[in-house]
Amino acid sequence: MNQIALITGYIGPGSAWFLMIVIAIVSFIVQWRFKSKFKQYSEIGLLSGLSGAEVAEKMLRDNGIYDVQVISVEGQLTDHYNPETKTVNLSPDVFYSRSVAAAAVAAHECGHAVQHARSYAWLSLRTSLVPVINVASTLTQWTLFLGLMLLFFTHNPFVLAIGVAALALVTLFSFITLPVEFDASRRALAWLNNNYTIMQTREEHEQAKDALWWAAMTYVVAALSALATLMYYASFLLNRRN
């Protein structure tokens with residue numbers, strides 16, 4: 001019966017709130033673990049002596065990609081691939097560093113560039129949804145709170161329903177992101193495993209794998225957090241007549 005309750009959404013706001021707290025704690029632990037792993041592997045130099053930027057350039061060339069630029073962007077953990085500008089954007093800690101962590105992150109971001117070049121379906125879907133998600137994210141900022149107030153004081157669920165629908169899109173986007181991130185790491189690790197000039201020992205490869213796994217877990221808990229938040233607000237709509 002508990003499984004049915006979760007699927008249908010007939011779960012009380014109190015239970016959904018408790019679930020949100022649990023996931024928030026797990027998210028904090030995962031984020032802390034990821035940052036500690038990144039710091040640990042950032043202090044381990046690659047035997048090859050290559051920088052993150054050099055690793056990225058080589059991975060792009062090895063995959064026949066010559067129209068993507070590797071650039072440095074400000075901030076920490078701001079690394080990402082931009083399919084619109086075709087740029088692999090690496091933070092200074094990755095771009096200039098000659099560490100295991102830098103090589104892993106650089107290869108991961110290039111994994112997205114390879115996805116783009118190969119027309120990877122999940123990346124294409126995710127990219128096409130970005131404009132819609134930007135609008136949905138803006139809607140959730142004011143419709144959820146206002147909708148709850150209107151539901152409590154006027155019993156009108158319309159505004160809250162709009163907010164929940166927008167939040168559902170944002171949640172869906174979070175889950176669509178998961179295969180994109182896991183596949184980028186898979187491509188990165190496969191390439192690193194076949195390039196002993198980059199990572200010359202099995203230990204370096206295992207460290208890179210560990211760093212990318214914890215990075216992926218941050219996306220998993222983010223998706224679960226979005227789902228718990230959706231359940232919380234949806235519970236007010238689904239149980240308003242109980």
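Colleague: Among the contacts in the protein chain with a separation of 6 or more, what percentage comes from residues 24 or more positions apart?

Modeller: The figure is 72%. Keep in mind that this is a predicted model.

Colleague: How many helices and strands does the protein chain have?

Modeller: There are 8 helices and 3 strands. Read from the N terminus, their order is α-α-α-β-β-β-α-α-α-α-α. The C-alpha trace spans about 65 × 35 × 30 Å along its principal axes.

Colleague: How many residues are in the protein chain, and what percentage of them count as buried?

Modeller: The protein chain has 242 residues, and 45% of them count as buried. In soluble globular proteins, nonpolar side chains tend to be buried together. Here the largest nonpolar core holds 36 residues. Those that touch the most other members are Leu 60, Val 70, Val 88, Leu 90 and Met 199.

Colleague: Which elements give two or more residues to this core?

Modeller: They are α2, α3 (52-62), β3 (87-90), α4 (92-95), α5, α7 and α8. The largest share, 11 residues, comes from α5. Apart from this core lies another one, of 15 residues, and among them are Met 20, Ala 228, Tyr 233 and Leu 237.

Colleague: Take Met 199. What does Met 199 touch, not counting residues up to four places away in sequence?

Modeller: With those neighbours left out, Met 199 touches Leu 46, Val 100, Ala 103, Ala 104, Leu 192, Glu 204, His 205 and Ala 208.

Colleague: Next, helices. Which residues of α6 are buried?

Modeller: First the general idea. An α-helix has 3.6 residues a turn, so residues three or four places apart point the same way. In α6 the buried residues are Leu 123, Ile 133, Ala 136, Thr 140, Thr 143, Leu 144, Gly 147, Leu 148 and Leu 151. What covers them includes α5, α7 and α8.

Colleague: Is Thr 138 buried or partly exposed?

Modeller: Thr 138 is in helix α6, and it counts as partly exposed because its relative accessibility is 44%.

Colleague: Where does α6 bend?

Modeller: The bend is at Val 130, by about 45 degrees, and a proline, Pro 131, follows within four residues.

Colleague: How should I read a positive phi, and what is the phi of His 155?

Modeller: Most residues other than glycine have a negative phi. His 155 is not a glycine, yet its phi is positive, about 60 degrees.

Colleague: What about Asn 89: buried or exposed?

Modeller: Asn 89 lies in strand β3 and counts as buried, at 5% relative accessibility. Not counting residues up to four places away in sequence, it touches Ile 71, Val 73, Thr 78, Asp 79, His 80, Tyr 81 and Asn 82. Asn 89 and Leu 167 are 78 residues apart in sequence and 28 Å apart in space, C-alpha to C-alpha.

Colleague: Last, the pockets. How many residues line the largest pocket?

Modeller: The lining has 30 residues, and Asp 79, His 80, Glu 109, Glu 181 and Tyr 219 lie nearest the centre of the pocket. Elements that give two or more residues to the lining are α2 (13-42), β2 (80-82), α5 (100-117), α6 (121-154), α7 (158-193) and α8 (202-238). Of these, α8 gives the most, with 6 residues. The pocket holds about 690 Å³ of space.

Colleague: Which classes make up the lining of the largest pocket?

Modeller: By class, 17 of the lining residues are nonpolar, 8 are polar and 5 are charged.

Note on methods. Residues numbered from 1 in each chain as written. Predicted model: local features only at pLDDT ≥ 70, side-chain atom pairs only at ≥ 80, totals over all residues. Heavy atoms only, no water. 1 Å grid on protein atoms, 1.4 Å probe; cavity = no way out; pocket = protein on both sides within 12 Å on 5 of 7 lines; lining within 4 Å. Points joined across faces, edges and corners; volume = space filled by probe spheres on them. Nonpolar A, V, L, I, M, F, W, Y, C, P; charged D, E, K, R; others polar. Bend = angle between axes of the 7 residues up to and from the residue. Buried < 20%, exposed > 50% of the residue type's maximum accessible area, 1.4 Å probe, protein only. Contact = heavy atoms within 4.5 Å. Core = buried A, V, L, I, M, F, W, Y, C linked by side-chain atoms within 4.5 Å.
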